[in-house]
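This report describes one protein chain for a reader who is new to structural description. Please keep the sequence and the model in view while reading.

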Amino acid sequence: MALVRSLFSAKKILGGSLVKTSKAPPKGFLAVYVGESQNKKQRHFVPVSYLNQPLFQDLLSKCEEEFGFDHPMGGLTIPCPVDAFISITSKLQG
């Protein structure tokens, strides 16, 4: 059963760089909390390599300018619409 779960997780990761799950991030991924409402933030895992991407850096800079670095969820919080986040990260996958 664990092997099936591992294969499913690997397929999810390889099939798309953006992974959403409730477990610890896979090696090479970073957990981020995305959403406009504090109570409805979604946890996503993004590849650490995104930190070098100018588009992702722009997103982080805009979040810092508007909201600062106070992250009450305990991880990196990106207070933008989830759809916008997915749109930006999908451009990085190609």
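The sections below treat the overall layout, a helix packing, the nonpolar core, an aromatic pair and one further residue.

## Basis of the report

This is a predicted model, in which local features need pLDDT of at least 70 and side-chain atom pairs count only at pLDDT 80 or more, while totals for chains, interfaces and linings use all residues. Residues are numbered from 1 along each chain as its sequence is written, and side-chain values use heavy atoms, with hydrogens and water left out.

## Overall layout

The chain has 3 helices and 3 strands, where helices (H or I, at least four residues) and strands (E, at least two) are DSSP runs numbered from the N terminus. From the N terminus on, their order is α-β-β-α-β-α.

Of the 94 residues in the chain, 29% are buried (buried means under 20% relative accessible area, exposed over 50%, and partly exposed in between, with a 1.4 Å probe and protein chains only). Among contacts (heavy atoms within 4.5 Å) between residues at least 6 apart in sequence, 50% join residues at least 24 apart.

## Packing of H2 and H3

Helix H2 (residues 54-67) packs with helix H3 (residues 82-93) at an angle of about 155°, and their axes are 9 Å apart. Axes are lines fitted to C-alpha atoms, for helices over the stretch in contact, and angles run from 0 to 180 degrees between N-to-C directions. H2 is therefore roughly antiparallel to H3 (under 35 degrees is roughly parallel, over 145 roughly antiparallel, 65 to 115 roughly perpendicular, and the rest oblique).

H2 contributes Leu55, Phe56 and Leu59 to the contact, and H3 contributes Phe85, Ile88, Thr89, Lys91 and Leu92.

## The nonpolar core

A nonpolar core is a set of buried Ala, Val, Leu, Ile, Met, Phe, Trp, Tyr and Cys residues joined through side-chain atoms within 4.5 Å. The largest one has 13 residues, and those with the most contacts inside it are Val34, Phe56, Leu59, Ile78 and Phe85. Strand S1 (29-34), H2 and H3 are the elements that give two or more residues to this core; H3 gives the most, with 4 residues.

Leaving aside neighbours within four places in sequence, the contacts of Val34 include Lys40, His44, Ile78, Pro81 and Phe85.

Rings of Phe, Tyr and Trp (its six-membered ring) pair if their centres lie within 6.5 Å; planes under 30 degrees apart count as stacked, over 60 as edge-to-face and the rest as tilted. The count comes to 1 aromatic pair. Tyr50 and Phe56 form this tilted pair, at 5.8 Å centre to centre and 55° between the planes. Tyr50 and Phe56 are both buried.

Gln57 lies in helix H2 and counts as partly exposed because its relative accessibility is 37%.
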